[in-house]
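Me: I have a model open and would like to understand the words used to describe it. Could you take me through a few of them?

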Amino acid sequence: MESLLEVKGLNVSVRTIAGNMNITDNVSFGVYEKEILGIAGESGCGKSTVVETVLNLIVAPRYIESGQVLLKGRDLLTLSPRDLQNVRWKEVAYVPQGSMNTLNPVLKIEEQIVDAIICHSKLSKAQAKEAAVAALRSVGMSPDVARMYPHELSGGMRQRVCIGLSTALKPAVILADEPVTALDVVMQRLNLETLARLRDQDGITVVMVTHDMACHAEICDRVCVMYAGRVAEIGETRTLFAEPLHPYTQGLLRAVPSIQNRHSESIPGIAPSPTAWPKGCRFHPRCKQAMEICSREVPPLREIRPKRLVACHLYNAEGGARNG
Amino acid sequence: MSSSDRPRVRTGGIFTIARLLRESPILVVGITIFGLLVLVAIFEPVINNALLHGNRSTELGLYDVHMPSSREHFFGTDERGRDVLALQFTGLRNSLLVGMLAGAMSLGISVILATVAGYVGGRTETVITAITNSWLIIPSWPVIAILVLYVAKVSLLDLALVLAAFGWPSATRVMTAQIASLKSRPYVDLAKLNGFRSASIMFREVLPNFLPYIVLSFSYAVAYNIMAETGLRVIGLGPQTVVSLGELINFSLYAGTLAQGYYLVALCPIVMLVLIFASLNFINLGMEEVYNPRLKKITGL
Amino acid sequence: MAEPLLELNNIAKVFTRASFGVGGRKTVQALDDVTLILPDKPQVFALVGESGSGKTTLSRIVIGLEQPSGGTALYRGRPVRDWVRRHMKQYRREVQVIFQDPYATYNPFYRVDRVLWSVVRNFHLAENKERGKRMIDGALEAMGLRPQEILGRYPHQLSGGERQRIMLARVYLLRPKLLVADEPVSMLDASLRAMFLDHLQAFKDLGVSCLYITHDLNVGYFIADQILILCLGRTVEWGESDHIVKDPLHPYTQELISSIPNPNPEKKWTERLQAEKIGLNELRQARTAAGCIYAQRCPRVMDKCRHNNPPLKRVKGHEGDSREVACFLYE
């Protein structure tokens, strides 16, 4: 199947006093139509950076060293600012982390949505108003909300407004960075269901970044697990959760405390920082199944089974043990 | 790999300065220029001593009046028999002095009032804010003009005092808000949980985080006060016994230096003022670059 | 029977916001008739509620940073107000806090050592500097940190997980009798939470009771012996955590439990939430004097519920387990 959005070999680095440091290393994955792809990983693994790169939102001191972001075959990173403006919001929308707190407190919700619509399209004000109400409806909110101010709504509702804002111009893809992290559990469910409904009813593709594995389990079709700036594993949610192949994914799934599973254990050690990436596989210092080769060579991301990609020496010919 | 492999960023003293240099060249340029100007101002007595063979630049009637440019008096003399070149240095010194004195005084008032208002809050804050806002409405220029016209002898210190008396409200308003916000940070709550008392918390927790803003405010205040003083002088107000750069501009206006072709004489005080304001602005911009991570072009670890 | 460690009786808290313009004064009833008793034996008590439930306000009352508008707050038999006024040092020694945000609890101006040294010095935990250093090293190591990697650094040089663990080390040094933990793991990654919570539970063996405040019932169940559920300032249900989670009685508790995402893709949410009903509640219209606080959202609401406030009492058939529910369904 052709991918709608494809990230190829993305390398993003940051300029620091101690030299240039790598944030994402050769990150590649594809997103298909009408699916929800989850990007999972701990903080600092680079997942937010990857999503910001899609719409070229990287500014100094960070910079893109190399890589491509293909939307229906067109490389977004080579577009001129004007062309990129046409892609933003219209074809690819972005809901940044904590966006519920960035709504303008002195404007009504309606005015803010209309602002965004007019900025990115040629609609008239009246048409924009209609589109705004439609956007709110698409996330299950009544039109009354349009005439309210942000402080009159709770955090959870503001987040839904932001998701609605992103659907205003009917984009093909919505990028959501930690959309439910700061919300109460009921609001969290509501927002996740909203995203799922956008996929089911409007056919919108969603890329959701979050460290909460349970959220991925609830609505994602496929999950991409990142660690220390690299992709560790990509696969369909069901099979990935049932049988995680990469040791990091295994550790991650074991670490989630839940009502269903009162026992959980965390991954030993601390996540490395960009100032001192381990050589070879970046997970090897914390990996119980590490081999000699892991500290020397970077494991390539390979399709070990149909629809499952893993970057781990355990599954390479030289590594041995298991095989597709 | 564990965090022991993380390179330790050496902090303190010389390393902080070296880091500042790399992070914000504009800050360094600003500090250098301003520093040079201050140095010249500090050494003004020495310079003028050498220039005038032991005489003071402000002494009246030392030389013949209205002498044109010559080897002895590179910029000529003014209507009171003073060497104009020597006066440039004196002017620089006095302008900087007035600016810094007035800046320091108004900042002192602002910090004290803002600390009390911001930390105590409640009715105290309301009262202080009300006084501050009312003071802002007083038309400062007319009042200063009147004071200067009617008071017989105005010294440099008096001038600085008057400027400070009208300049304190604007910084106070912003600082009060800043302190009120700093007060509500969780680390202040934590200090309360250690059993520390209010005053101790103010000094040890809140004020240190406030220092960068105080430095920024100071450089703004200095620039503002020099501008205010210059403005007064250029329209002819201000004690003529205290020579500042503004006074020199005033002199060159009525003495017709431009018309007579003495371009250097006319430009000198202006160039010095431009250097003062530019360097202060560079310092402000540089400090913002250092403290606002979003403006950074190169990050710390 | 030993006197309870913490006794909150019928706590009420009203916030008034004076406004000079249209509308006049606005009052918000953050807490309404909340009773919570922590017995003397060290245990973990979870206070669960969504944002706006008043749980943070209640925690601030316990710590003494806020005063209740009604009801009494007693710590070891004496009012908290009394403690704060006359025996503050001792109260601060016995009652401590861990906050939610591992970034904001550190003063960025100082190194992280200060957080630990200030308790050693302020509460005279060590006779001299060497002993103090050894205590600090020991506390850090007990939390799984290496002193040489932590001491001497500034907060921004450490990760969120490390910072929260330093806060744990601070508690370890103090050994308070009561620890109020306000959402301490919500800003940590899932992989770090289990380890943090393990430490917190281990504190029980050191004699530290914990009042754990959270909106995440998952975590509450993981760590707590008892759970109390708050909804918009009122107690809805409380009891032993096993009972509450495996057999929730109040419809709000049931909604909370069913909303927790299940990390098993085979078992997803089956029904969609009724979005419109939840929207109404969020608009804070529910905080009216008469009627059950959950009436507007309750799937099993009865006419009675809209006009009367159900009292908190024991439930028929569950008298054995110490639990109480405020719901007319069980009358």
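Predicted model: local features only at pLDDT ≥ 70, side-chain atom pairs only at ≥ 80, totals over all residues.

Me: Which residues is A:Val95 in contact with, leaving aside its neighbours within four places in sequence?

Reply: Among them are A:Cys162, A:Ile163, A:Ser166 and A:Pro179. Contact here calls for C-beta atoms within 7 Å.

Me: Now chain B. What describes the packing of helix H2 and helix H11 of chain B?

Reply: Two packed helices are described by the angle between their axes and the distance between the axes. For H2 (residues 25-42) and H11 (residues 263-291) of chain B, the angle is about 145° and the axes are 7 Å apart. The crossing of H2(B) and H11(B) is left-handed. B:Ile26, B:Phe34 and B:Leu37 are among the H2(B) residues that meet H11(B), where the partners include B:Leu275 and B:Phe282. The contact residues comprise 15 nonpolar, three polar and one charged.

Me: And how many residues of chain A are in contact with chain C?

Reply: There are 39 in chain A, facing 39 residues of chain C. Helices H5 (155-167), H6 (185-202), H7 (213-219) and H8 (237-242) of chain A each supply at least two residues of that side of chain A. By type, the side of chain A that touches chain C has 18 nonpolar, twelve polar and nine charged residues.

Key
Residues numbered from 1 in each chain as written. Chains lettered and ligands numbered in written order. Axes fitted to C-alpha atoms, helices over the stretch in contact; angles between N-to-C directions. Helix = DSSP H or I, 4+ residues; strand = E, 2+ residues; numbered from the N terminus. Left-handed = near helix turned anticlockwise from the far one by under 90°. Contact = placed C-beta atoms within 7 Å. Nonpolar A, V, L, I, M, F, W, Y, C, P; charged D, E, K, R; others polar.
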